[in-house]
Every structure is written in C-alpha cells, then in structure tokens.
Amino acid sequence: QMVRRTFQFSAVDGTKTNWSSASLAQSLHSLVELHEEHSHKLAVPSFYPLRLIMAPAPDHDVERLCLFGGALVLDPAESPIQWLETLTTVTPRSLDVVTRNQERL
C-alpha cells in the first residue's frame, strides 16, 4: 500500500474508521500528498517500526503516539495540517524506545 511504503510504517490499519473504502482511500491519498509536500518537516525519514492506525480520536489532547504498543493514531476526519502536527511528534528517540519495548516482548 502506498502509505505504508511512503512513510515506511510496519502496517496500516484503517478498519476502525467505519468509512467506506473509497473515503478511506481518499484520506490515505491525502496523507501521501502531505508527505510529498512536507517530508522535510518530519524528524524521521522512516516511521518503522510504528504501525499507523487511522481511527477517530476521542480528544485532540489524547496522546497519539503509543511508545509501548508501537502505534501512531491519525484521525481521518482531521485536516492534513493536523496530521502533520502529529507526525512531527515522532523522533529518532521515540522510534528507539518503540524498538526497545518490542524487543522486551
């Protein structure tokens, strides 16, 4: 899938959106376009080993990056700029923590 290859997520899960396949595909296409325009603003070239979960977020203040579960949550109803804010929270250090946590399992 294009998003997985572009961002190098270990997996992409859009099953929690309750959106039609066409709507989810459009949302994921917008995410790829965001990467093309703003990849220079990201702190990491690859998001591996994180999984991307497209799901409604109950509250904008809820932590979107789970270092224990190795997941990054983006709300498909949010704007690409809001996604960018979340994506820029991922750093080389956070990916190292995820890797260490996964090795402990």
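This report describes the sheet, the helix packing, the aromatic residues and several single residues of one predicted model.

Because the model is predicted, local features need pLDDT of at least 70 and side-chain atom pairs count only at pLDDT 80 or more, while totals for chains, interfaces and linings use all residues. Residues are numbered from 1 along each chain as its sequence is written, and side-chain values use heavy atoms, with hydrogens and water left out.

## The sheet

Helices (H or I, at least four residues) and strands (E, at least two) are DSSP runs, numbered from the N terminus. Two strands pair if DSSP finds at least two bridges between them. Strands of a sheet pair through backbone hydrogen bonds, either parallel or antiparallel.

In this model, four strands form an open sheet in the order 1-2-4-3, with mixed pairing. Strand 1 (11–13) and strand 3 (65–66) stand at the edges, each with a single partner strand, so one side of each has no neighbour in the sheet. The pairings are listed below.

| Strand pair | Sense | Bridges |
|---|---|---|
| Strand 1 and strand 2 (residues 51–54) | parallel | three bridges |
| Strand 2 and strand 4 | parallel | four bridges |
| Strand 3 and strand 4 | antiparallel | two bridges |

Individual bridges can be followed across the sheet. A11 has R51 in strand 2 as its bridge partner, and R51 in turn has A71 in strand 4 as a bridge partner.

Contact means heavy atoms within 4.5 Å. Axes are lines fitted to C-alpha atoms, for helices over the stretch in contact, and angles run from 0 to 180 degrees between N-to-C directions.

Helix 2 lies across strand 1, strand 2 and strand 4 (71–74), and runs at about 130 degrees to strand 2. Helix 3 lies across strand 2 and strand 4, at about 160 degrees to strand 4.

Two packed helices are described by the angle between their axes and the distance between the axes. Helix 2 (residues 21–38) and helix 3 (residues 80–87) pack at an angle of about 65 degrees, and their axes are 10 Å apart. The crossing of helix 2 and helix 3 is right-handed; a crossing is left-handed if the near helix is turned anticlockwise from the far one by less than a right angle, and right-handed if clockwise. From helix 2, the residues S27, S30, L31, L34 and H38 meet P80, W83, L84 and L87 of helix 3. By class, this contact of helix 2 with helix 3 has six nonpolar, three polar and no charged residues. Here Ala, Val, Leu, Ile, Met, Phe, Trp, Tyr, Cys and Pro count as nonpolar, Asp, Glu, Lys and Arg as charged, and the others, Gly among them, as polar.

## Aromatic residues

Rings of Phe, Tyr and Trp (its six-membered ring) pair if their centres lie within 6.5 Å; planes under 30 degrees apart count as stacked, over 60 as edge-to-face and the rest as tilted. The structure holds three aromatic pairs. In one of them, the rings of F9 and F47 have centres 5.2 Å apart and planes at 40 degrees, so the pair is tilted. F9 lies in the loop between helix 1 (2–7) and strand 1, and F47 in the loop between helix 2 and strand 2, so the pair ties together parts that are 38 residues apart in sequence. F7, F9 and F47 form one aromatic cluster.

## Buried and exposed residues

Buried means under 20% relative accessible area, exposed over 50%, and partly exposed in between (1.4 Å probe, protein chains only). Both F9 and F47 are buried.

V90, in the loop between helix 3 and helix 4, is buried with a relative accessible area of 0%. Leaving aside neighbours within four places in sequence, V90 is in contact with A43, V44, F47, L50, L65, L72 and L95. N101 belongs to helix 4 (residues 92–104) and counts as buried at 11% relative accessibility. Not counting residues up to four places away in sequence, N101 touches L67 and F68.

## Backbone features in the loops

The peptide bond from Y48 to P49 is cis, with omega near 15 degrees, and P49 is found in the loop between helix 2 and strand 2. Q8, in the loop between helix 1 and strand 1, has a positive phi near 60 degrees although Q8 is a residue other than glycine. Q8 counts as partly exposed at 39% relative accessibility. N18 lies in the loop between strand 1 and helix 2, and its phi is likewise positive, near 60 degrees. N18 is exposed, with a relative accessible area of 74%.
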